[in-house]
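Keep the viewer open and try each task before reading on.

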Amino acid sequence: MKPLVAIVGRPNVGKSTLFNRLARRRIALVEDVPGVTRDRHYWDVEYEGRELTIIDTGGFVPGEKDALLQQVREQAQLAVEECDAIIFVTDARAGLTTSDQEVATYLRQSGKPVVVAANKLDNESQMLQAHSAEFFRLGLGEVFGISAEHGLGVGTMMETVVGKLPPPSPEELEARAKAERLEKAAEDAAEWGEEALEGEEGAEEAPAEEEPDRPIRVAIIGRPNVGKSTLVNALLKQKRVVSSEIPGTTRDPIDSALKYKDREIILTDTAGIRRKKTIAHKVEMFSVVAALKVIDRSDVAVLLMDATEPAVDQDAKLAGIAEEKGRALVIVVNKWDLISTDERKQELFRENLKYALKFVGYAPIVFTSALTGSKVEKVLELAVELADQFRYRAPTPQLNRLLKHIDENHPAPIVGRGPLRVYYMAQVGTAPPTFALTCNRPDGVPEMYKRYLTNQLRKTFDLRVPIRMYFRDRPGKAKRAARRNPKKMAGKQKR
């Protein structure tokens, strides 16, 4: 495992700004108000030749009685317990506070190496003042004046952080040596050409790397307070993210890796998505935008609904977003334990839900209780199954046998002055499965017939994911028209 470096401190000192600076991209939400970050964020970076993982944490408030802030503190404490080194961020403008001293006491007790960062120093003269600042009274060693926003002093601080990490493990050294050999081989191939390398006596060939199976990305989406974070914790069997009855608890998308039946899965907890006109704060707006981006990069979207208020307009809109983006969809009805254990009532509920969301009628529906853990594993089972269907490729001969069967049993309708003729079908893409059909009137295919063809594809290949279908003309249309009416074409050529 790569060494872990946790970024901790009280609220609103710039931890997420520093995290984004080290990651060289905007990952964590940043706003000039306390308490924006609540969960742990992980990101891999490289400094001084060492690959390491940085962890962003929420504001550390010792002794806080508020239940939500207690959970935020617990997440920060978990980061401290698992890390190899700590960056303790303070606010140089505000000076040393009682909260800073309480956090410092906890960090000393942890026994982990700590580097103190006095943040929000935006010029060189302020940097000089930091070295004689009151933060030395914390008793944690040297204080580094930095500006996380502008990058001042961050490099010098990170040199010290890397120096405090444990020595590289044999596995890490081997991985680094292997990467260097591959890089050297690539450089040599670029400079001398592959033939020169192969003919050179004693030249080391770059080992053929087998690319590991791509992890399945699963986005947990839904309205606020439907139990998304509780479901993530139940699936992971640990308290990975902060969960609360307070709507809007989750703000940043949080990735968590797990294994299910030898398949790698990345679960992403997202902020609750409300209607645009009800969003009052900038932080919530950023959270919603980030959640929508997560759907874009996912394979499967898990739409979590509240059993006590199902199929509201916003649920339908979220299902529509997943369909529009072509993502596989699992509909999860949460809090079912509050409704009933009667199987007949569940089936009636399912039928009503399918009717309300008939535009995604192909999507499987599962009834769970994230709080008790009832049937939560079914969500993973369906996610893996749909991820495979999402990248399914159908054999072309089987597609055209299906097309022949359709033509014999359900002839195409009349379009314009003649019948629609579909000559050929081929799959031209996956994620989602995409099919191109060659026909004589591609612009006039009725929607009803398109739906019929889509349903036949679903039935034949057992697909419960979105399907895309395109109709196109046969090649050589102009030549065929010329053969049918040579005089007309000759007249056009003269003009």
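A cavity, on a 1 Å grid over the protein atoms alone, is a set of points where a 1.4 Å probe fits but cannot get out, whereas a pocket is an open set with protein on both sides within 12 Å along at least five of seven lines; lining residues have an atom within 4 Å of a point. The model is predicted, so local features need pLDDT of at least 70 and side-chain atom pairs pLDDT 80 or more, while totals for chains, interfaces and linings use all residues. Residues are numbered from 1 along each chain as its sequence is written, and side-chain values use heavy atoms, with hydrogens and water left out.

**Exercise 1. Find the residues that line the largest cavity, and sort them by class.**

Solution. Start with the count: the structure holds one cavity of 30 Å³ or more. Next comes its volume (the space filled by probe spheres set on the points, with grid points joined across faces, edges and corners). The largest cavity has about 30 Å³ of space. Its lining consists of Ile 331, Leu 353, Lys 354, Leu 357, Val 360, Gly 361, Ala 363 and Ile 365. For the classes, Ala, Val, Leu, Ile, Met, Phe, Trp, Tyr, Cys and Pro count as nonpolar, Asp, Glu, Lys and Arg as charged, and the others, Gly among them, as polar. That gives six nonpolar, one polar and one charged residues.

**Exercise 2. Describe the largest pocket, from its volume to the elements that line it.**

Solution. The volume of the largest pocket is about 1100 Å³. Its lining has 31 residues, and Ile 27, Tyr 42, Trp 43, Asp 255 and Arg 297 are the closest to the centre. Two or more lining residues come from each of β2 (41–47), β8 (254–260) and α9 (282–297). The largest share, five residues, belongs to α9. By class, this lining holds 15 nonpolar, four polar and twelve charged residues.

**Exercise 3. Decide whether strand β10 is enclosed or open, and find its partners.**

Solution. First, burial: buried means under 20% relative accessible area, exposed over 50%, and partly exposed in between (1.4 Å probe, protein chains only). Seven of the seven residues of β10 (residues 300–306) are buried, so the strand is largely enclosed by the rest of the structure. Third, the partners: two strands pair if DSSP finds at least two bridges between them. Strand β7 (residues 216–222) runs parallel to β10, joined by five bridges, and Gly 222 stands opposite Leu 304. On the β11 side, seven bridges join the parallel strands, with Met 305 opposite Val 333.

**Exercise 4. Locate the backbone exceptions at Arg 24, Lys 335 and Pro 432.**

Solution. Begin with the background: most residues other than glycine have a negative phi, and most peptide bonds are trans. Arg 24 has a positive phi, near 60 degrees; this residue sits in the loop between α1 (15–23) and β2, and is exposed at 60% relative accessible area. Lys 335 also has a positive phi, near 65 degrees. Its loop lies between β11 (328–334) and α11 (343–356), and Lys 335 is partly exposed at 22%. Finally, a cis peptide bond, with omega about 5 degrees, joins Ala 431 and Pro 432. Pro 432 is in the loop between β15 (422–429) and β16 (434–439).

Conventions
Helix = DSSP H or I, 4+ residues; strand = E, 2+ residues; numbered from the N terminus.
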